[in-house]
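Here is a short tour of one protein chain. Have the sequence and the 3D view open, and let's walk through them together.

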Amino acid sequence: MLRYVLAFAATKVAVAGALLIYVLNVDGDAPVSSMVITIIAISLPIAWFAKAVNRPMRSIERGRFAIGNTVAELIFTVALGLTTTWLTGASFDWEGVGHVLGGKGDPQDAKIAFLFGITFGLLPVPFLSHLFGWFWTKDLPKTSVVEG
């Protein structure tokens with residue numbers, strides 16, 4: 001499952017990098033939401049799994065895929081926040097986080113916004129990973145060559 005989680009992470013990084021280049025060149029907002037990027041990043045590894053293994057994803061595999069994607073999303077989110085803080089020149093404290101998140105720099109508001117952002121930003125990842133893993137591989141043949 002590690003290769004499929006890495007494919008999820010690579011897709012997120014590639015799409016985010018492409019959108020960053022777009023935003024820097026067009027000087028505007030990204031044309032798609034992060035949920036669309038997450039759905040694409042979950043779908044590509046599942047399509048790869050279905051083609052490579054050609055059997056339904058077992059429950060334990062779906063669980064590992066979902067947990068791995070959630071951890072990768074958390075790492076990506078924190079890295080994106082640190083990069084944004086660094087690029088904007090904000091300080092690396094709660095005041096800086098508040099400025100990066102669009103507030104006035106109040107540390108208490110920054111903590112609440114960070115908590116809500118991480119919580120609600122990560123919630124769809126394990127659910128969609130598990131659901132898509134089941135839904136898109138359930139009709140595949142029950143037996144196939146064992147993955148090597």
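## A word on residue classes

The others, Gly among them, are taken as polar.

## The model and its confidence

Please keep in mind that this is a predicted model. The mean pLDDT of the chain is 85, and 95% of the residues score at least 70.

## Overall fold

The chain contains six helices and zero strands, which gives the pattern α-α-α-α-α-α along the sequence. Taken along the principal axes, its C-alpha atoms fill a box of roughly 55 × 35 × 25 Å.

Of the 148 residues, 30% count as buried. Among the contacts in the chain with a separation of 6 or more, 70% are between residues 24 or more positions apart.

## The largest pocket

How big is the volume of the largest pocket? It comes to about 1300 Å³. The lining is made up of 44 residues, and those closest to the centre are Phe76, Thr77, Leu80, Gly81 and Thr84. Two or more lining residues come from each of helix 1 (2-26), helix 2 (34-53), helix 3, helix 4, helix 5 (107-122) and helix 6.

Which helix gives the most to this lining? That is helix 3, with 13 residues. With the classes above in hand, the lining divides into 27 nonpolar, 13 polar and four charged residues.

Is Glu61 buried or exposed? Its relative accessibility is 6%, so Glu61 counts as buried, the cut-off for buried being under 20%. The side chain of Glu61 makes a polar contact of 2.7 Å with the side chain of Arg55. Leaving out residues up to four places away in sequence, Glu61 touches Met1, Phe49, Arg55 and Pro56.

Glu73 is also found in helix 3. Glu73 is buried because its relative accessible area is 7%. Beyond residues up to four places away in sequence, Glu73 touches Phe8, Lys12, Leu122 and Val125.

## The loop between helix 2 and helix 3

Asn54 sits in the loop between helix 2 and helix 3. Most residues other than glycine have a negative phi. Asn54, however, has a positive phi of about 55 degrees although it is not a glycine. With a relative accessibility of 34%, Asn54 counts as partly exposed.

Met57 belongs to the loop between helix 2 and helix 3 as well. Its relative accessible area is 3%, so Met57 is buried. Once neighbours within four places in sequence are set aside, the contacts of Met57 are Met1, Ile46, Phe49, Arg62, Gly133 and Thr137. Which distance separates Met57 and Trp134, which are 77 residues apart in sequence? From C-alpha to C-alpha it is 6.4 Å.

## The segment after helix 6

Trp136 is placed in the segment after helix 6. Trp136 is partly exposed because its relative accessible area is 38%, which lies between the limits of 20% and 50%. Setting aside neighbours within four places in sequence, Trp136 is in contact with Ser43 and Ile46.

Where does Pro141 make its contacts, residues up to four places away in sequence not counted? Pro141 touches Asn54, Arg55 and Pro56; of these, Asn54 is in the loop between helix 2 and helix 3, and Arg55 is the polar-contact partner of Glu61 described above. Pro141 and Leu131 are ten residues apart along the chain, and their C-alpha atoms are separated by 18 Å.

Definitions and conventions:
Residues are numbered from 1 along each chain as its sequence is written. This is a predicted model: local features need pLDDT of at least 70, side-chain atom pairs count only at pLDDT 80 or more; totals for chains, interfaces and linings use all residues. Side-chain values use heavy atoms; hydrogens and water are left out. Buried means under 20% relative accessible area, exposed over 50%, partly exposed in between (1.4 Å probe, protein chains only). A polar contact is a pair of N or O atoms within 3.5 Å; within protein, one must be able to donate a hydrogen and the other to accept it, and residues adjacent in sequence count only if both atoms are side-chain atoms. Contact means heavy atoms within 4.5 Å. pLDDT is the predictor's confidence in each residue, from 0 to 100. On a 1 Å grid over the protein atoms alone, a cavity is a set of points where a 1.4 Å probe fits but cannot get out, and a pocket is an open set with protein on both sides within 12 Å along at least five of seven lines; lining residues have an atom within 4 Å of a point. Grid points are joined across faces, edges and corners, and a volume is the space filled by probe spheres set on the points. Helices (H or I, at least four residues) and strands (E, at least two) are DSSP runs, numbered from the N terminus.
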